[in-house]
Amino acid sequence: MTMARFPSKEAEVLALGQEMVTGLAANAAIYPSPPVSVVDLGTALNAYITAKNAATAAQAAAEQATATKDEALQALEDDMKADLRYAENTVDFDDDKLKLIGWGGRKAKTSLEAPGQARTLEAPRQGEGWIFLDWKAATDGGKVAAYKIQRRERPSGPWSDVGLAIESEITLSDQERGKEWEYRVIAVNKAGEGQPSNTVMAVL
């Protein structure tokens, strides 16, 4: 015979408690002296229901209080921003005068630097008509927007662009076979180009 298991959910505990109080009271001949009397069990049940109702009301009040607080904060922020815009325009963004009200003037834009040099270019894998290149990002200069990959025929052909990468690796396909190629990488952004990386040589 499988024994009943005591419920784990709060609502099920409440339902069982109510059934027990009703059942013990109606069947005193069968259960004449339970260790917790029907009166005491009923008192405990009512105490729980009272506490549960109070907790539900408190939670609802807390949620309403939080919503009221958030609305008040938003209204405060809107009012503060309006006064700050007024103050900025009134003193023409004079930093010293704006500091008098705890604010600061408009920050001067910092100019973007050209990126530094891409480092440690390698060609760890290659095949018929393709080559995989990877390198390390520059450690100085401005933020890199992309990497330009250039190629030339050795020993002294002109450099030409053959690819553009966002990450520090690229696979170049459709490379002309049977020639001795030299590759390099240049970091670029809106401010300009970095110094070319070291070169790698390949015959595909």
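Modeller: Here is a chat about rings, strands and charges in this structure. This is a predicted model, in which local features need pLDDT of at least 70 and side-chain atom pairs count only at pLDDT 80 or more, while totals for chains, interfaces and linings use all residues. Residues are numbered from 1 along each chain as its sequence is written, and side-chain values use heavy atoms, with hydrogens and water left out.

Biologist: Thanks! How many aromatic pairs are there?

Modeller: The count is one aromatic pair. The rule is that rings of Phe, Tyr and Trp (its six-membered ring) pair if their centres lie within 6.5 Å; planes under 30 degrees apart count as stacked, over 60 as edge-to-face and the rest as tilted.

Biologist: Why is the pair of Trp135 and Tyr147 called edge-to-face?

Modeller: Their ring planes are at 65°, with the centres 5.4 Å apart, so the pair is edge-to-face. Trp135 is in strand β2 (residues 130-136) and Tyr147 in strand β3 (residues 146-153), twelve residues apart, and the pair links distant parts of the chain. Strands (E, at least two residues) and helices (H or I, at least four) are DSSP runs, numbered from the N terminus.

Biologist: Is Tyr147 buried or exposed?

Modeller: Tyr147 is buried, at 4% relative accessibility, and Trp135 is buried too, at 5%. Buried means under 20% relative accessible area, exposed over 50%, and partly exposed in between (1.4 Å probe, protein chains only).

Biologist: And how many residues of β3 are buried?

Modeller: Six of the eight residues in β3 are buried, so the strand is mostly covered.

Biologist: Which strands does β3 pair with?

Modeller: β3 pairs with strand β6 (residues 180-189) in the antiparallel sense, over eight bridges. Tyr147 has Ala187 as its bridge partner in β6. β3 also pairs with strand β4 (residues 160-165), again antiparallel, over five bridges. There, Gln150 has Asp161 as its bridge partner. β3 and β4 form a hairpin, with six residues between them. For two strands to pair, DSSP has to find at least two bridges between them.

Biologist: Switching topic: which ring does the charged end of Arg125 sit over?

Modeller: That would be the ring of Phe132, with the charged end 4.2 Å from the ring centre. Arg151 lies over the face of Trp181, at 3.8 Å from the ring centre. A charge sits over a ring if NZ of Lys or CZ of Arg is within 6 Å of the ring centre and within 35 degrees of the ring normal.

Biologist: Now the salt bridges. How many are there?

Modeller: The count is nine salt bridges. Each one is a side-chain nitrogen of Lys or Arg within 4 Å of a carboxyl oxygen of Asp or Glu.

Biologist: What does Glu193 form a salt bridge with?

Modeller: With Lys148, and the closest N and O atoms are 2.4 Å apart. Glu193 lies in strand β7 (residues 192-193) and Lys148 in strand β3, so the pair ties together parts that are 45 residues apart in sequence. Lys148 is buried, with a relative accessible area of 15%, whereas Glu193 is partly exposed at 44%.

Biologist: Which residues are linked in a network of salt bridges?

Modeller: Arg152, Arg154, Glu180 and Glu182 are.
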